[in-house]
Amino acid sequence: MLIRPRRNRKSAVIRDMVQETQIRASNLIFPLFIVEGDNVRSEVGSMPGIYRYSIDNLLREVESCMELGLRAFDLFPNIDETLKDKYATASTKEGGLYLRAIAAVKARFPEACVITDVAMDPYSSDGHDGIVENGEILNDETLVILGRMAVAHAQAGADIVAPSDMMDGRIGYIRNVLDENGFTNVSIMSYTAKYASAFYGPFRDALNSAPKHGDKKTYQMNPANQREALIEAELDSREGADFLMVKPALAYLDIIKSLNDDFDLPIAAYNVSGEYAMIKASAQNGWIDEQRATMEVLTGIRRAGATAILTYHAKEVLANKWL
């Protein structure tokens, strides 16, 4: 008897029937950039179709996304250089841009899931994710600042805090600080395997948060390493993470699969700015079909094992009915 797998590909109905990997709106998280001001909507030059929003326009953007069925948002602040300092004090200042944005979204859309970025670099005059002393990134001293940030985000209404700093022990520290302050229901989405990647350039352009000196290789992971991600995941799991994240996604599908195979926690993957920009630039030049390429990328990330995908494609996928 000759086995013919093509019989299950012979029509669109049958292909849809046997499709193994599905993407739904509930799998997508939309990153949004925030700036100070009124009625601001400025496009990020290296990310066509992605904008920095003042809080009033942020609320309009969230509303339009909610109408499409998109309900999870990760907020990132663009902080004025004059507010940055060595210890990222603007990150917890009452009335600051980020805390006002979190509170505004939750007040207007309590049913939305607001995810927040716990990291010093948007507020640091050094542009690093930790305190810098004599060229060294201090680990334990940085945890205190990250803990304060997480509590401030929770007080503002965050549903999930997402530490993106890659300091050792920060998940356990943040979990303890949140619990001690009565925020036992606030989740932690850990940037478990965040690699020192070349694909972050447009994001740093959007937030003006690139390091002022040096690089991030002493705390972000070596792109060549896989087993190291399992060590990080084991630590984060034991320390109280609710999600494990891999960042970037496309060059690290094997890492997503490894974490999904070895851990029972939900796996998130960040389809980062450089990955988004590659598709946009290729499509604008007529080199690829944007819809097909976008859906192929997102399907591949899901197929590898990601439950949640942070992606700048999220709104256009739903608005254009690509799912």
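Modeller: Happy to; what follows is a set of questions and answers about this structure.

Modeller: This is a predicted model, in which local features need pLDDT of at least 70, side-chain atom pairs count only at pLDDT 80 or more, and totals for chains, interfaces and linings use all residues. Residues are numbered from 1 along each chain as its sequence is written, and side-chain values use heavy atoms, with hydrogens and water left out.

Colleague: Let's start with the cysteines: how many disulfides does the structure hold?

Modeller: A disulfide is a pair of cysteine sulfur atoms within 2.5 Å. The sulfur of Cys-65 has its closest cysteine sulfur in Cys-113, at 14 Å, which is too far for a bond. Cys-113 is likewise in no disulfide. The number of disulfides is zero.

Colleague: Is Cys-65 buried or exposed?

Modeller: Buried means under 20% relative accessible area, exposed over 50%, and partly exposed in between (1.4 Å probe, protein chains only). Cys-113, at 22%, is partly exposed. Cys-65 has a relative accessible area of 0%, so the residue is buried.

Colleague: How many salt bridges does the structure hold?

Modeller: A salt bridge here is a side-chain nitrogen of Lys or Arg within 4 Å of a carboxyl oxygen of Asp or Glu. One of them joins Arg-175 to Asp-242, with N to O at 3.8 Å. The number of salt bridges is 16.

Colleague: How many residues apart in sequence are the parts that Arg-175 and Asp-242 tie together?

Modeller: Helices (H or I, at least four residues) and strands (E, at least two) are DSSP runs, numbered from the N terminus. Arg-175 is buried at 11% relative accessible area, whereas Asp-242 is partly exposed at 29%. Because Arg-175 lies in helix α5 and Asp-242 in the loop between α7 and β10 (243-247), their pair ties together parts of the sequence whose separation in residues is 67.

Colleague: Which residues are linked with Lys-212 in a network of salt bridges?

Modeller: Lys-212 pairs with Glu-81, their closest N and O atoms being 3.8 Å apart. This pair links distant parts of the chain, 131 residues apart: Lys-212 is in the loop between α6 (201-207) and α7 (227-239), and Glu-81 in the loop between β4 (72-77) and α3 (97-108). Lys-212 is partly exposed at 43% relative accessibility, as is Glu-81 at 36%. The residues linked with Lys-212 in the network are Glu-81 and Lys-84.

Colleague: By about how many helical turns are Arg-238 and Glu-234 separated?

Modeller: Arg-238 forms a salt bridge with Glu-234, with 3.6 Å between the closest N and O atoms. Arg-238 is exposed at 60%, while Glu-234 is partly exposed at 35%. Because the two are four residues apart in helix α7, their separation is about one helical turn.

Colleague: Now the backbone: where is Pro-248 found?

Modeller: The peptide bond from Lys-247 to Pro-248 is cis, with omega near -5°. Pro-248 is found in the loop between β10 and α8 (253-262).

Colleague: Last one: what is the phi of Asn-134 near?

Modeller: Asn-134 lies in the loop between β6 (131-133) and β7 (136-138), and the residue is exposed at 82% relative accessibility. Asn-39, in the loop between β1 (28-34) and β2 (41-43), has a positive phi near 55°. For Asn-134, phi is also positive for a residue other than glycine, near 55°.
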